[in-house]
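Colleague: I have a model open and would like a quick tour. Can we go through it piece by piece?

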Amino acid sequence: MSVHPPPKRKEIYKYSAPWTLYSMNWSVRPDKRFRLAVGSFVEEYNNKVQIVQLDEDTSEFVVRSTFDHPYPTTKIMWIPDSKGIYPDLLATSGDYLRVWQQGADGDTRMACLLNNNKNSDFCAPLTSFDWNEVEPNLIGTSSIDTTCTIWGLETGQMLGRVNVVSGHVKTQLIAHDKEVFDIAFSRAGGGRDMFASVGADGSVRMFDLRHLEHSTIIYEDPAHTPLLRLAWNKQDPNYLSTVAMDACEVIILDVRVPCTPVARLNNHRACVNGIAWAPHSSVHICTAGDDHQALIWDVQQMPRAIEDPILAYTAAEGEINQIQWGATQPDWIAICYNKCLEILRV
């Protein structure tokens, strides 16, 4: 009698959306495995956000919810609540910061809209935001008006089927000399108070919520090229990475050694669009770009040169514009290209 090995589980699952995708994020809740949110990129006012989830029995993605969003979302993020103790919330940035609640019936309702310029018709679009993992009542936004705003979020009691969610400005600061393109909280030393930002002035700046009167410049691009993306190492708060506009390389910085990159990852053959540190390891980082490639790197040799990635995946059909590493499912990386979302087992 021959014994057949159990069938090998699929390594890649794909979802094709009705429109080009840009923003995307993994849900963190342990009771919602393989759930992601994706945002459309349509160059007009009417855009969409979709919540999709892999049906592990059929191996197909199922659309759980679709809702309207004004303008494309510049970022989407689920509340970093791995224990499931907060309401099931999702935030989006665009013209404003919006917080959405998932109802038990599958519906998505806007829980609150956070607007920082109360006395003006002018709206300064938000380029990005970050949700504080240590203190999920804090969200930081970055804007083209040179400022970052730290919001305090209150998630109140249930009224009917909806939680009352409200927010207030804890602080707003001028972070850069030009537009701010990204913001990220660190997990340093308990991780509540440190955050960093990057912007069109080509600098990475670090802030402490307890001492906002000064900031530290961690890095300045020699040619003052705008820096577009920023990502803190999830396990070792000394390291963060950034990428410059139209650059084919990712720069890794050590906050203890300001202004000198500790490593450069430069195997991409076209501009890099996304960076994601591993949620469970301090030495692995994933990068993705217009060369259709997602590359995983082992950087434990730093500051010795990192020559080659340890894993490479090619999306044959398109330039990868977004990459996210599943915080509660660290075996999985998600990418977006064209109208497609793919999740890849690593």
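Colleague: How do strand β8 and strand β9 pair, and over how many bridges?

Modeller: This is a predicted model, to start with. Strand β8 covers residues 97–102 and strand β9 covers residues 108–114. They pair in the antiparallel sense over six bridges.

Colleague: Which residue stands opposite Trp100?

Modeller: Met110, in β9. Another pair involves Leu97, whose bridge partner in β9 is Leu114.

Colleague: What about the hairpin of β8 and β9: how many residues are between the strands?

Modeller: Five. Gly106 in that hairpin takes a positive phi near 95°.

Colleague: What is the strand order in the sheet that holds β8 and β9?

Modeller: The order is β6-β7-β8-β9. This is an open sheet of four strands with antiparallel pairing. Its edge strands are β6 (75–78) and β9, and each pairs on one side only. From one strand to the next, the twist averages 25°.

Colleague: Next sheet. What order do β14, β15, β16 and β17 take?

Modeller: They run β14-β15-β16-β17. Here too the sheet is open, with four strands and antiparallel pairing. At the edges are β14 (180–185) and β17 (216–220), each pairing on one side only. Neighbouring strands are turned by 20° against each other on average, direction ignored.

Colleague: And how many bridges link β15 and β16?

Modeller: Five, in the antiparallel sense. Strand β15 is residues 194–199 and strand β16 is residues 203–208. Phe195 stands opposite Phe207 in β16.

Colleague: Where do side chains point in a regular strand?

Modeller: In general, they alternate between the two faces of the sheet.

Colleague: Switching to Arg35. Where is Arg35 found, and is Arg35 buried or exposed?

Modeller: Arg35 is in strand β3, residues 35–40. Arg35 counts as buried because its relative accessible area is 5%, and the cut-off for buried is under 20%.

Colleague: What does Arg35 touch?

Modeller: Leaving out residues up to four places away in sequence, Arg35 touches Asn25, Trp26, Ser27, Arg29, Ile51, Val52, Gln53, Trp78, Asp88 and Gln102.

Colleague: Now the surface. Which residues make the nonpolar surface patch?

Modeller: Ile310, Leu311 and Val346 make a patch of about 250 Å². Val346 is in the segment after β28 (340–345). With 43% relative accessibility, Val346 counts as partly exposed.

Colleague: Backbone next. Which peptide bond is cis?

Modeller: The one from Met302 to Pro303, with omega near 10°. Pro303 lies in the loop between β24 (293–298) and β25 (311–314).

Colleague: What is phi at Ser59, and what is phi at Asp246?

Modeller: Ser59 has phi near 65°, a positive value in a residue other than glycine. Asp246 also has a positive phi, near 60°, and is a residue other than glycine.

Colleague: Where do Ser59 and Asp246 lie?

Modeller: Ser59 lies in the loop between β4 (46–55) and β5 (60–70). Asp246 is in the loop between β19 (239–244) and β20 (250–254).

Colleague: Why does Ser59 count as partly exposed? And is Asp246 buried or exposed?

Modeller: Ser59 is partly exposed because its relative accessibility is 25%. That class sits between the cut-offs of under 20% for buried and over 50% for exposed. Asp246 has a relative accessible area of 62%, so Asp246 is exposed.

Technical notes: Residues numbered from 1 in each chain as written. Predicted model: local features only at pLDDT ≥ 70, side-chain atom pairs only at ≥ 80, totals over all residues. Heavy atoms only, no water. Pairing = 2+ DSSP bridges. Helix = DSSP H or I, 4+ residues; strand = E, 2+ residues; numbered from the N terminus. Axes fitted to C-alpha atoms, helices over the stretch in contact; angles between N-to-C directions. Patch = residues over 30% accessible without salt bridge, like charges linked within 9 Å, V, L, I, M, F, W, Y side chains within 5 Å. Areas by Shrake-Rupley, 256 points an atom, 1.4 Å probe, with all protein chains shown as cover. Salt bridge = Lys/Arg side-chain N within 4 Å of Asp/Glu carboxyl O. Buried < 20%, exposed > 50% of the residue type's maximum accessible area, 1.4 Å probe, protein only. Contact = heavy atoms within 4.5 Å.
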